[in-house]
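Biologist: Can you walk me through this one? I'd like to start with the packing.
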Amino acid sequence: DGGMRLVQGNLGRATFKTSAVDPARWTIEAPVRVFADQNDALAAFKAGELDRDVIIVVRFQGPAANGMPELHKLTPPMGVLQDKGFAVALLTDGRMSGASGKVPAAIHLTPEAAKGGPIAKLRDGDVVRLCANRSSIEVLVDEAEWAARMPVPIPPMHVGTGRELFAMMRVHADEAEKGGSAML
């Protein structure tokens, strides 16, 4: 299958890189911890807040939100958690390079949070099941409760990163699975 799987379900569609992940870790079901920035996830790791089975969600990282920066800083701490025996995975509307390594990661999730995708409705503690075997990604929340939830608002942009220069282009950006291009 080329080492990649399309996973899809009530959270949208994402890419799961299976080639580097032990097949025993192709299915992860755990409560989520939600972040809008990888640096916040790193701070939570350093504070010991992620020492458990967890799916780390980093949303507002897609083409329309901030142009899809590389989330490679998350790989080492997630590997540490996995080596401690925890079931760990990443779910993001952003991207990671091929260096994502041995940790299960569902990346390029579409529709992205900035465009009202279901990832924007996730809350800390929701249980998500990511399964490469069944090519699925599902939040396990009561359907009525899920339907009633509103997406969280887009967080303010970090000023000074240079990304503000291209804000106008991001408004028109395609979803990640369509290339994330602002050129129509």
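Modeller: Here is a short tour of the core and the salt bridges. This is a predicted model: local features need pLDDT of at least 70, side-chain atom pairs count only at pLDDT 80 or more, and totals for chains, interfaces and linings use all residues. Residues are numbered from 1 along each chain as its sequence is written, and side-chain values use heavy atoms, leaving out hydrogens and water.

Biologist: Which residues touch the most other members of the largest nonpolar core?
Modeller: L11, I55, V57, L91, L122, V128 and I137, out of 31 residues. Such a core is a set of buried Ala, Val, Leu, Ile, Met, Phe, Trp, Tyr and Cys residues joined through side-chain atoms within 4.5 Å. Buried means under 20% relative accessible area, exposed over 50%, partly exposed in between (1.4 Å probe, protein chains only).

Biologist: What does I55 touch?
Modeller: Its contacts (heavy atoms within 4.5 Å) include I28, V32, R33, L91 and V128, not counting residues up to four places away in sequence.

Biologist: Switching topic. How many salt bridges?
Modeller: The structure holds 7. The criterion is a side-chain nitrogen of Lys or Arg within 4 Å of a carboxyl oxygen of Asp or Glu.

Biologist: What does R33 pair with?
Modeller: E49, with the closest N and O atoms 3.0 Å apart, and D124, at 3.7 Å. Shared partners join R33, E49 and D124 into one network.

Biologist: Is R33 buried or exposed?
Modeller: R33 is buried, at 18% relative accessibility. E49 is partly exposed at 39%, and D124 is partly exposed at 49%.

Biologist: And where does D126 go?
Modeller: D126 meets R149 in a salt bridge, 2.5 Å from N to O. D126 is buried at 9%, and R149 is buried at 6%.
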